[in-house]
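Student: I would like to learn how to read a ligand site and its surroundings in a model. Can we work through one case step by step?

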Amino acid sequence: MELSKQNLIRNFCIISHVDHGKSTLADRLLELTGTIQKRDMRDQFLDRMDLERERGITIKLAPVRMKYRSRISNERLANSKKLAINDEQLSANGQSQIAEYQLNLIDTPGHVDFSYEVSRSLEACEGALLVVDASQGIQAQTLANVYLALGADLTIIPVLNKIDLPAAEVERVTNEIVSLLGCKPEEVLAISAKTGIGVLEVLDTVIEKVPMPSGDESSKPRALVFDSFYDEYRGVILYVRCMDGNIKKNARINMAATDASGIALEVGYLSPGMTPAPDLKAGEIGYIVTNFKSTSEARVGDTVLLEDQPAEALPGYKEVRPFVYAGFFPSSNEFYPALKDAVDKLKLSDSALVYEPENSPVLGHGFRVGFLGLLHLDIVRERIIREFDIDLIVTNPSTDYKVELTSGGEELDIKSASSMPDNTLISAIKEPWIKGEIVCPKKYVGAVIQLISEARGLQKNLSFVDEHLSIVSFEAPLANLLTDFYDNLKSQTSGYGSFNYELDNYRVEDLVRLDFYIAGDIVEALSIMCHRSEAEALGRTTTEKLKDIIPRQNFKVAVQAAIGGKFIAREDISAFRKDVTTGLYGGDVSRKKKVLAKQKKGKERMKRFGKVDLPAEAFTVLLKRD
Ligand SMILES: Nc1nc2c(ncn2[C@@H]2O[C@H](COP(=O)(O)OP(=O)(O)OP(=O)(O)O)[C@@H](O)[C@H]2O)c(=O)[nH]1
Ligand SMILES: [Mg+2]
């Protein structure tokens with residue numbers, strides 16, 4: 001009888017809190033398996049985007065296939081309860097021969113904004129390496145990722161990383177992991193991804209403990225799309241996990257959800273470059289190059305089927321919805337088409353990005369763009385500036401609001417303060433609330449609870465991982481976590497606190513629109529929504545910040561905050577004629593010209609509003625630190 005090949009396949013991802021060493025562990029695994037030669041190695045090899053490399057963070061999930069000849073003994077395999085291995089399968093692993101395994105690894109990002117990348121990766125795998133930094137211990141994303149992995153029914157292999165660091169607390173953190181997972185201390189693999197200590201054992205443990213895939217090789221093919229993007233040269237490329245059957249090169253494919261039909265122009269796997277193969281078999285992870293024109297035809301979470309063998313769709317994913325919005329405007333209107341092209345292109349490889357046109361009297365034509373969080377916003381902003389060379393003006397990030405009208409009917413989804421309907425038409429405004437968890441050492445719990453209540457949040461549950469580490473569950477309005485909550489948490493907990501959150505629901509609150517007037521005229525692009533109880537303080541600090549940002553003009557300029565036309569705060573910018581050329585002595589005309597040219601360039605980032613020049617920074621004043 002022919003043996004199933006699936007017993008020689010293991011699919012696993014690496015998950016952890018941000019910076020605990022996932023990509024570095026992936027480096028060592030790539031090296032140990034000879035997937036990448038040592039001389040071609042560079043740190044965090046799988047972080048391929050420029051921005052990922054510069055910032056030292058992973059943003060996109062990254063699959064890679066490795067071959068590994070394991071010397072793991074049959075006894076060890078047979079003893080592993082997780083593997084329901086039978087005699088036949090064992091003989092494929094025969095005593096004398098060394099079996100070659102196909103290991104499919106997916107490196108994931110650790111930052112909360114990109115947890116959608118993690119949940120998608122988990123669905124393609126049977127196991128997860130849970131990495132915990134021995135000098136940091138369990139943190140908020142460690143917990144969140146454990147919940148996700150358990151929810152996806154994966155086998156979790158705990159890995160204690162960075163044991164080479166002098167600050168590593170091997171025993172304490174091992175105990176934290178043991179209490180969290182209910183495993184045995186000896187099951188926690190102590191490694192250094194940097195030096196390579198203990199990493200070989202990680203590979204053998206993956207083979208031992210991660211269940212083999214259990215797809216049906218002879219049934220109709222089905223493959224889960226866990227990522228899709230548009231490649232300028234090759235078109236739409238799908239990253240898939242083949243669940244059942246096999247998909248051959250040139251097969252006619254059909255997408256279950258969108259019903260789009262196309263051709264699998266090429267199939268293969270990443271090792272780490274695209275490596276063509278004759279087919280993708282049940283249990284394997286790989287890619288399909290399609291002839292689709294747009295990623296909207298083959299969405300993330302959809303199922304690839306064969307046109308002549310229709311089958312039931314796989315469950316797919318819960319759709320993610322952005323909940324942080326900001327206006328993106330070109331510094332000059334002539335670049336609007338270029339900006340449109342840029343967001344269109346970015347959307348093709350970022351299924352979480354949404355946008356719609358927005359017009360502003362001051363800023364002109366632009367877009368209201370939706371994000372999964374502030375880091376996501378920042379990454380997209382920077383990519384537009386760099387990859388598309390567009391000078392951008394970004395407005396204050398905000399959440400969206402559900403508005404009920406006095407006239408009844410459907411709730412409106414309002415994505416910026418400036419598009420709020422008139423007050424008299426509104427019967428209620430709802431704002432998004434999150435459910436979150438803060439993980440911190442016990443002694444900071446008091447300060448953390450204080451912080452939560454200052455953010456208008458409600459502390460819910462208090463639990464403990466062990467005698468040192470606590471978990472504070474809470475609910476809070478998302479808007480109040482968008483500015484300095486994270487910084488305050490870090491400073492209140494001496495850097496030890498971390499937090500994770502997910503959107504909960506929309507709640508009716510006493511919200512008002514806070515407007516800003518410059519030299520007597522309202523600048524709608526500056527308007528923000530806030531809770532009535534916070535309006536005055538926010539109005540005051542914001543006018544102060546605006547006063548610092550807006551350059552002096554040759555007349556006095558009043559900066560005022562108001563609710564419904566009633567002023568609640570005011571700052572004056574005194575008149576001053578800034579002549580940048582004073583101080584440059586004598587008749588060096590070319591030098592004078594240079595300075596004036598520089599000043600003119602600075603002006604391009606200014607937006608003329610009436611007689612006042614507003615610098616680009618004024619529109620993100622809420623993010624300005626004191
Ligand atoms: N000393 C020491 N440093 C390590 C080790 N593993 C990783 N690092 C360092 O920790 C930092 C973060 O490593 P990454 O591999 O980028 O962490 P990551 O988990 O992939 O980070 P994100 O993907 O952004 O969540 C880098 O500076 C690594 O060099 C280790 O075992 N020992
Ligand atoms: Mg990484």
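This is a predicted model: local features need pLDDT of at least 70, side-chain atom pairs count only at pLDDT 80 or more; totals for chains, interfaces and linings use all residues.

Student: Which other residues have polar atoms by an oxygen atom of ligand 1?

Tutor: Look at the side chain and the backbone separately. Thr24 places a polar side-chain atom 2.5 Å from a ligand 1 oxygen. With Gly110, a backbone N or O atom is involved, at 3.1 Å from an oxygen atom of ligand 1.

Student: How many residues surround ligand 1, and which are the closest?

Tutor: The shell is counted by distance. There are 19 residues around ligand 1, and the closest are Lys22, Ser23, Thr24, Thr58 and Asp164. Sorted by class, the shell holds 10 polar, 5 charged and 4 nonpolar residues.

Student: Which helix gives the most to that shell?

Tutor: Helix H1, residues 22-32, does, with 3 residues.

Student: Are Ser23 and Thr58 buried or exposed?

Tutor: The cut-off for buried is under 20% relative accessible area. Ser23 is buried at 7%, and Thr58 is buried at 10%.

Student: How many residues of H1 are buried, and what do they pack against?

Tutor: In H1, 10 of its 11 residues are buried; among them are Lys22, Asp27, Arg28 and Glu31. The buried residues pack against strands E1 (9-16), E2, E3 (99-107) and E4, and against helix H8 (199-209). After H1 comes Gly34, with a positive phi near 70°.

Student: Where does Gln139 lie, and what is it in contact with?

Tutor: Take the location, then the cover, then the contacts. Gln139 is in the loop between strand E4 (127-133) and helix H6 (140-151). Gln139 has a relative accessible area of 5%, so it counts as buried. Beyond neighbours within four places in sequence, the contacts of Gln139 are His17, His20, Val439, Tyr496 and Ser498.

Student: What does Thr142 touch?

Tutor: Thr142 is in helix H6 and is buried, at 0% relative accessibility. Leaving out residues up to four places away in sequence, Thr142 touches His17, His20, Leu130 and Val132.

Student: Where is Ile452, and is it buried or exposed?

Tutor: Ile452 is in helix H11, residues 445-454, and is buried, with a relative accessible area of 1%. Apart from residues up to four places away in sequence, Ile452 touches Ile438, Gly457, Leu458, Gln459, Val472 and Phe474. A C-alpha separation is read in another way: Ile452 and Gly286 are 166 residues apart along the chain, and their C-alpha atoms are separated by 44 Å.

Technical notes. Residues are numbered from 1 along each chain as its sequence is written. Chains are lettered from A and ligands numbered from 1 in the order in which they are written. Side-chain values use heavy atoms; hydrogens and water are left out. A residue is near a molecule or strand if one of its heavy atoms lies within 4 Å of it. A polar contact is a pair of N or O atoms within 3.5 Å; within protein, one must be able to donate a hydrogen and the other to accept it, and residues adjacent in sequence count only if both atoms are side-chain atoms. Helices (H or I, at least four residues) and strands (E, at least two) are DSSP runs, numbered from the N terminus. Ala, Val, Leu, Ile, Met, Phe, Trp, Tyr, Cys and Pro count as nonpolar, Asp, Glu, Lys and Arg as charged, and the others, Gly among them, as polar. Buried means under 20% relative accessible area, exposed over 50%, partly exposed in between (1.4 Å probe, protein chains only). Contact means heavy atoms within 4.5 Å.
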